[in-house]
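These are my notebook entries on one protein model.

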Amino acid sequence: MRIGILTGGGDCPGLNAAIRGITRAALDQYGSTVVGFHDGWRGLLTDSHREMSGGQRLDRILPRGGTILGTARVNPERLRAGLGDIRATLERNRIDALIPIGGEGTLKAARWLSDEGVPVVGVPKTIDNDIGGTDYTFGFDTAVSIATDAMDRLHTTAESHRRVMLVEVMGRHTGWIALRSGIATGAHIITIPEDPFDIDEICGLIRARFGRGDRHVIGVIAEGSVPRAGSGMALRDGGVDEYGHEIFTGVAAQMAPLIERDAGVEVRTTVLGYIQRGGTPSSYDRVLASRLGAHAARAVHDGAFGTMAAVRGTRMTLTPLADAVCELKTVPLELYREARIFFG
Ligand SMILES: Nc1ncnc2c1ncn2[C@@H]1O[C@H](COP(=O)(O)OP(=O)(O)OP(=O)(O)O)[C@@H](O)[C@H]1O
Ligand SMILES: O=P(O)(O)OC[C@H]1O[C@](O)(CO)[C@@H](O)[C@@H]1O
Ligand SMILES: [Mg+2]
């Protein structure tokens, strides 16, 4: 077989391990060849690619962050309008099956191509851990340990200065990174997009902590957090970008002056941003990505198209793409309630 692969959406630690997993399994187990398309779906639209075969062992890309194939976003309408170009690229390169590695957007595009008759098996990635049909996505474990390390450091500086430190972490639609890193570091407040926050309740909690002699507060704020309707705070509207994503206006920075005014304490904000997505993957993410890649290679050779490689417990499985993209995997509210035990 000739297998096309690409990495789409935002990069994340572990993408290179997944690329290696697919390539090594395809070459060594099945004697197939692999073609890597550059910069996500754009590489299929413009036929920009490289041969992944040719005796490369790819071992040294395991610890490397980012993606050696590059990634990009393409407006979904433009992508759908380019179906003819995509088909032409696949035919010209004699591609028998395609393995897109990406987040929920890339996998929606994969499902669309599958419905159009292209043989596709997806591989889920994202630091946000919000893809349905799989217990975990690679990138998440690394992002959480980066956030955990940052928060451990922020505790000491906040305590020295008697400050509130709001730490904004990634999580456009879901609060997995905020929840996991917040619990791990003993954060006093965690806000997640799934449960709109009440700024008055947060201010009350901060006043209570300082009132009983505590010297600092760490608040972990998922970037997609929103205030509860009618709760005395509204966020600035940033509109949407050309790819249809909401443009954030900085929720933590907008909370800070309200807290300062109410609680009469200094507030600082730290936005962790892309640091969470860059650099070397954890061993957990390298292993998960390698296994998902190898499993996807196996699936295309078994003809199990229209599916996504997934992990359930410790087992590799396949989930129908339709099920994986039908809804995001959000933080269950009972899990968030469990975290609230440690607030304050
Ligand atoms: N509904 C859709 N139909 C067709 N193509 C889509 C759809 N949604 C997204 N895509 C394509 O997939 C690309 C990647 O999607 P997106 O930018 O959401 O990244 P992602 O794979 O979800 O990763 P991230 O976790 O960074 O968001 C888009 O740029 C677009 O080309
Ligand atoms: O600026 P970009 O590349 O669109 O990425 C930002 C988004 O990517 C994610 O990290 C997912 O990879 C989101 O949490 C975040 O909002
Ligand atoms: Mg997306």
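Helices (H or I, at least four residues) and strands (E, at least two) are DSSP runs, numbered from the N terminus. I am working with a predicted model, in which local features need pLDDT of at least 70, side-chain atom pairs count only at pLDDT 80 or more, and totals for chains, interfaces and linings use all residues. Residues are numbered from 1 along each chain as its sequence is written, while chains are lettered from A and ligands numbered from 1 in the order in which they are written.

**Entry 1: helix H9**

I looked up what H9 packs against. Its buried residues pack against strand S6 (164–169), helix H8 (199–211), strand S8 (217–222) and strand S9 (267–271). Those buried residues are Val251, Ala252, Met255, Ile259 and Ala263. Here I call a residue buried if 20 or more other C-beta atoms lie within 10 Å of its own, exposed if 12 or fewer, and partly exposed in between, with C-beta atoms placed from the backbone.

I also checked the length of H9. The expected span of a helix is 1.5 Å times one less than its number of residues. For the 13 residues of H9 (residues 251–263) that gives 18 Å, and the end C-alpha atoms are 18 Å apart, which agrees. After H9 comes Gly264, with a positive phi near 65 degrees.

**Entry 2: the whole protein**

I noted 12 helices and 11 strands in the protein. Of its 344 residues, 49% count as buried. The C-alpha atoms fill a box of roughly 70 × 35 × 30 Å along the principal axes.

The radius of gyration is taken over C-alpha atoms, and the globule rule is 2.2 Å times the number of residues to the power 0.38. A compact globule of 344 residues would have a value near 20 Å; the protein has 22 Å, which agrees. Among contacts with a separation of 6 or more, 75% are between residues 24 or more positions apart.

Is S4 buried or exposed? I found 6 of the 6 residues of S4 (residues 97–102) buried, so this strand is largely enclosed by the rest of the structure. Ala97, Ile99 and Ile101 point one way, and Leu98, Pro100 and Gly102 point the other way. In a regular strand the side chains alternate between the two faces of the sheet.

Two strands pair if DSSP finds at least two bridges between them. Strand S1 (residues 2–7) pairs with S4 in the parallel sense over 5 bridges, and Ile3 has Ala97 as its bridge partner in S4. Strand S5 (residues 121–124) runs parallel to S4 and is joined to it by 2 bridges. There, Val123 of S5 is the bridge partner of Ile101. From S4 the chain crosses through helix H5 (residues 104–115) to S5 in a right-handed β-α-β crossover. Right-handed is the call if, with the strands pointing away from the viewer, the path from the first strand over the helix to the second runs clockwise.

I counted H5 as largely enclosed by the rest of the structure, because 9 of its 12 residues are buried. Among them are Leu107, Ala109, Ala110, Arg111 and Leu113. The cover over the buried residues of H5 includes H2, H3, S4, S5, strand S10 (307–312) and helix H11 (321–326). Just after H5, Gly117 takes a positive phi of about 95 degrees.

Which residues come nearest to ligand 1? Of the 20 around ligand 1, I have Gly9, Gly10, Gly103, Gly105 and Thr106 as nearest. Helix H3 (76–81) and H5 are the elements that give two or more residues to this shell. H5 gives the most, with 6 residues. A residue is near a molecule or strand if its C-beta atom, placed from the backbone, lies within 6 Å of it.

**Entry 3: two positive phi values**

Most residues other than glycine have a negative phi. Asp47 is not a glycine, yet has a positive phi of about 55 degrees. Asp47 is in the loop between helix H2 (41–46) and strand S3 (49–51). With 15 other C-beta atoms within 10 Å, Asp47 is partly exposed.

Arg94 is not a glycine either, and has a positive phi of about 55 degrees. I placed Arg94 in the loop between helix H4 (83–92) and S4. With 11 other C-beta atoms within 10 Å, Arg94 is exposed.

Key:
Two residues are in contact if their C-beta atoms, placed from the backbone, lie within 7 Å.
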